[in-house]
Amino acid sequence: MRSTIIERLSAGVATGLLLALTACGGADKQVVPPAKNATAGTPVMTQGGGEVGIVDSAGGSGLSGTALSRYEEGWKAWLKGDLQTAKTKFQEAKEADPKSPSPPYSLGVVLERLGDTAGAQNAYRSAFTANPEHEISVCAHALSLANSGHAGEADTFLSDRRSKKPNSPRLTACNAELKSIAKDHATAQQLAQDALRMDPDFKEAMVTIARDHYRARKLDLAKYALQAILEGFGDASPARDKENAEARLIRGLIYREGGARAVALADFEAAVKRRPDLVEALINLGSMRLEAGNATEAQPVLESATRFAPNSAIAHLNLGDCYRLLGRYADAKKEFDIALSRDSSLAAAHYDLGLMFLTAPTIPGYTADSQVSTAIKELETYRTMRGPKPLPGVQDDIDDLIARAKAKQAELKQTPAAAAPAATPPASAPPTKK
């Protein structure tokens, strides 16, 4: 069934994203604007180990006048998922105030989402060159290097920075992320604990501990760490950050893998509410809604995922399946094609295309014969890419679908009308579900 494929991609692949987030177009980062009531220099960490956000106080950022105005315009564009406008505005803010690290850091965040890794790293470098104390950009640069295949360079760079500030909890926690990405889990745990000894309230280190346990598949330890963050252990040890979006995401992934779907759904919803740009949470929330047959509610969530992560093949794949279920076949095909352009090894996109061409009443621009021929081609491509047997835990009914498609093709050969152009279905046509 299709739902099992969605579940594998969104839950199983999510584990892969934790290990190498560059598969979805770079580290998942959040731009946060200057805020008068915020704590200066507060970061949020990604599943891939990247810094996903910083709140600079208006005074701490040093921005004013045109630079501040352009920066805030960039933030507003970011909130809408308009990355191109955000990019332009942050560039303008950087030009208006080249001494502030905030605009180039935020520019780097956007460039990574757009797939410009080299440009992002240059932007981060510009940020910590403008202000060597801007640790968030130092960490972002190191983690971008690691996630782009330059782990050795990242380690050397961060080690040099830590040698100058050995008591920095942020740089220490960042080093823990580097070690976790490299699967050196023992060192990652030790460094995260060191960061907490430097600052017992440094929440990012707490999340790093949970995230590293998740990467290492030590799920009970991960859940214990997450409980400390989200729920606490009574009055003597209250929750450290019960609304933490990253912690909610990790816990949601664990619950989903364990079959506790209702609890997982609640965690993903909470994560998205707190962090509307958190792509992994958006993808998982959207795919779970699809699995429940609620394509209408999945649509805005998955559309948001593709805006905030335009290079994410999985986001485009799930949005395409959403459009298929809504009967928006031209839009669905476009999304499947984008998914394959981002990741040509994504076999499930061929499955979805084949399923759509087989089950849709009509698809504009195709005759009935060409539609079923395309279905057979896509389904056979999926079966070839999949291999002789489905992956463990996946039921894809591919042989039955191909048999149905070929039977339909044989019937069409007996019907001269098969050569006629397919009619465009009415806009109100109900979606066809398998």
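Which residue's side chain meets that of Arg217 in a salt bridge? Glu257 does, at 2.5 Å from N to O. By salt bridge I mean a side-chain nitrogen of Lys or Arg within 4 Å of a carboxyl oxygen of Asp or Glu.

Some ground rules. This is a predicted model, where local features need pLDDT of at least 70 and side-chain atom pairs count only at pLDDT 80 or more, while totals for chains, interfaces and linings use all residues. Residues are numbered from 1 along each chain as its sequence is written, and side-chain values use heavy atoms, with hydrogens and water left out.

Back to that pair. Arg217 sits in the loop between α11 (203-215) and α12 (219-230). Glu257 is in helix α13. They are 40 residues apart, so the pair links distant parts of the chain. Helices here are DSSP runs of H or I, at least four residues, numbered from the N terminus. Arg217 is partly exposed at 38% relative accessibility, and Glu257 is partly exposed at 33%. The cut-offs: buried is under 20% relative accessible area, exposed is over 50%, and partly exposed is in between (1.4 Å probe, protein chains only).

The structure holds 28 of them. Lys165 meets Glu135 at 2.6 Å, N to O. Lys165 is in the loop between α8 (151-164) and α9 (169-181), and Glu135 is in helix α7 (residues 135-147), so this pair ties together parts 30 residues apart in sequence. Buried or exposed, what is Glu135? Buried, at 10% relative accessible area. Lys165 is partly exposed, at 29%.

Arg70 bridges to Glu73, with the closest N and O atoms 3.6 Å apart. Both lie in helix α3 (residues 65-79), 3 residues apart, about one turn of the helix. Arg70 is partly exposed at 27%; Glu73 is too, at 30%.

There is also a network of salt bridges. It links Arg113, Glu177, Arg211, Arg215, Glu246, Arg275 and Asp277.

On to the core. A nonpolar core is a set of buried Ala, Val, Leu, Ile, Met, Phe, Trp, Tyr and Cys residues joined through side-chain atoms within 4.5 Å. The largest one here has 100 residues. Those with the most contacts inside it are Trp78, Tyr105, Phe268, Leu290, Leu317, Leu346 and Met356. Helix α19 (residues 347-359) gives the largest share of this core, 9 residues. A second, separate core has 14 residues, among them Cys139, Ala146, Cys174 and Ile181.

Take Met356. Leaving aside neighbours within four places in sequence, Met356 is in contact (heavy atoms within 4.5 Å) with Arg324, Tyr329, Ala332, Lys333, Phe336 and Ile363.

Now a helix pair. The axes of α13 (residues 245-257) and α15 (residues 279-291) come within 10 Å and cross at roughly 35°. Axes are lines fitted to C-alpha atoms, for helices over the stretch in contact, and angles run from 0 to 180 degrees between N-to-C directions. Who makes the contact? From α13: Leu249, Leu253 and Arg256. From α15: Glu280, Ala281, Asn284, Ser287, Met288 and Glu291.

Leu79 is in helix α3. Leu79 is partly exposed, with a relative accessible area of 46%. Leu79 and Phe308 are 229 residues apart in sequence. In space, C-alpha to C-alpha, they are 9.1 Å apart.

Note on methods
Helix = DSSP H or I, 4+ residues; strand = E, 2+ residues; numbered from the N terminus.
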